[in-house]
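User: I would like to learn how to read a few features of a structure. Please take me through them one at a time.

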Amino acid sequence: MIVLKSPPELALMRQAGHIVATVLAEIGHHVKPGVTTLELDQIAADIIAKHGAVSSFKGYIPDKTAGQPPFPGTICASVNDEIVHGIPTTRRLKEGDIVKIDVGACYKGYHADSATTFPVGRVNRYAQELMLTTQECLKSAIAVMRKGNRFGDIGAAIQRVAHGRGYSVVEEYSSHGVGRKLHEGFSLMNTGEEDRGFMLRPGLTIAVEPMINQGVAGTKVKKDLWTVATKDGKLSAHFEHTVAITDGEPEVLTILN
Ligand code: MG
Ligand code: MG
C-alpha cells in the first residue's frame, strides 16, 4: 500500500527528521577508539527524549520474521562486517573500525529514519573507498527520486555506482516507505532496472538505504537473531536518508538545515 503525505504530515516528518539528524551529528562527535556502542546508544536516547520523541527501533518487532525478540536498542550499531541491525553493546570501538549507526525517531506519530557509516579514528583506504562509494550510491539514488521516475530508477542508480567500483549491493534487505510507520507500505530494492516499477508521486516518503559490500552480496544473521553481517566476513557500509518526493527537487528530511 502506498501512503501519500499531506503538507501537515510532511511538517511532522521534517521535525522527526531533524531529531534524527541531530542525533547522528552528536554521535559523530563521540565515535572514537574506546567508546562503546552502548554509550552511543545512551547519547541517542537522551537527545530523542529531550525532543519529545521516541525511538522507532526500541521494542520493534518485525512483521515477517518469527522468533526475533523485540529490538533492545535505541539505535542500531553495526561494526565492520556487520551490515545493519547491530545491537548496541559494551564492545569498545577500536582504531580502524567502521561503525554504521542507524537512527529512527517517531515524533507525534511520524517516523524518520537515517543511517551513517563513521570511521573510528584512522581507517585504511579500502574502508574509506567503500564508505565514499556508499555515500555516492545514496546521492545518486536521491538524485532520481523525482515525480514521474520509478522505483527501478532508484535501484538502478545505486547498482550502477556500486557495481562500477566492483562492490556488491545487499539484496536481502531493502529501502522502504516510512511515515506513519517505520516500515510503511512497501519495500524497494537497492538494485533494479530503470523505468520499471511503481511511479514516484509527490507526497511519497521513502527511507532510501543502500547497503554496499566489499565482497559478496550474501548476508547472515548472527546468534543474537538481529545483527545482519556479510556472509564472507568482509566489510559493509550503509548510508540512509528519509526523502520526500515533491513537485520539484527531492526533499531530504533527515538533514540539519
Ligand atoms: Mg534505518
Ligand atoms: Mg530504514
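User: Is F186 buried or exposed?

Analyst: This is a predicted model, where local features need pLDDT of at least 70, side-chain atom pairs count only at pLDDT 80 or more, and totals for chains, interfaces and linings use all residues. Residues are numbered from 1 along each chain as its sequence is written, chains are lettered from A and ligands numbered from 1 in the order in which they are written, and side-chain values use heavy atoms, with hydrogens and water left out. Buried means under 20% relative accessible area, exposed over 50%, partly exposed in between (1.4 Å probe, protein chains only). F186 has 12% relative accessibility, so it counts as buried.

User: How many aromatic pairs are found in the whole structure?

Analyst: Rings of Phe, Tyr and Trp (its six-membered ring) pair if their centres lie within 6.5 Å; planes under 30 degrees apart are stacked, over 60 edge-to-face, the rest tilted. Three aromatic pairs turn up here. F71 and W226 are edge-to-face, with 5.1 Å between centres and 85 degrees between planes. F71 sits in the loop between β1 and β2, W226 in the loop between β11 and β12, so their pair ties together parts 155 residues apart in sequence. Strands (E, at least two residues) and helices (H or I, at least four) are DSSP runs, numbered from the N terminus.

User: Which aromatic pair is tilted?

Analyst: F151 and F186 are tilted, at 5.0 Å centre to centre and 35 degrees between the planes. F151 belongs to helix α4 and F186 to the loop between β7 and β8, 35 residues apart. F151 is buried because its relative accessibility is 13%. Ring pairs join F151, F186 and F198 into a cluster.

User: Which residues coordinate the magnesium ion (ligand 1)?

Analyst: Donors are N, O and S atoms within 2.8 Å of the metal (3.2 Å for Na, K and Ca); water is not among the atoms, so sites may look incomplete. D102, D113 and E240 coordinate the magnesium ion (ligand 1) at 2.0 to 2.5 Å. D113 also coordinates the magnesium ion (ligand 2), and the two ions are 3.1 Å apart. Both D102 and D113 are buried.

User: At what angle do α3 and α4 pack?

Analyst: Axes are lines fitted to C-alpha atoms, for helices over the stretch in contact, and angles run from 0 to 180 degrees between N-to-C directions. Helix α3 and α4 pack at about 150 degrees, with axes 8 Å apart. That makes α3 roughly antiparallel to α4. Angles under 35 degrees count as roughly parallel, over 145 as roughly antiparallel, 65 to 115 as roughly perpendicular and the rest as oblique.
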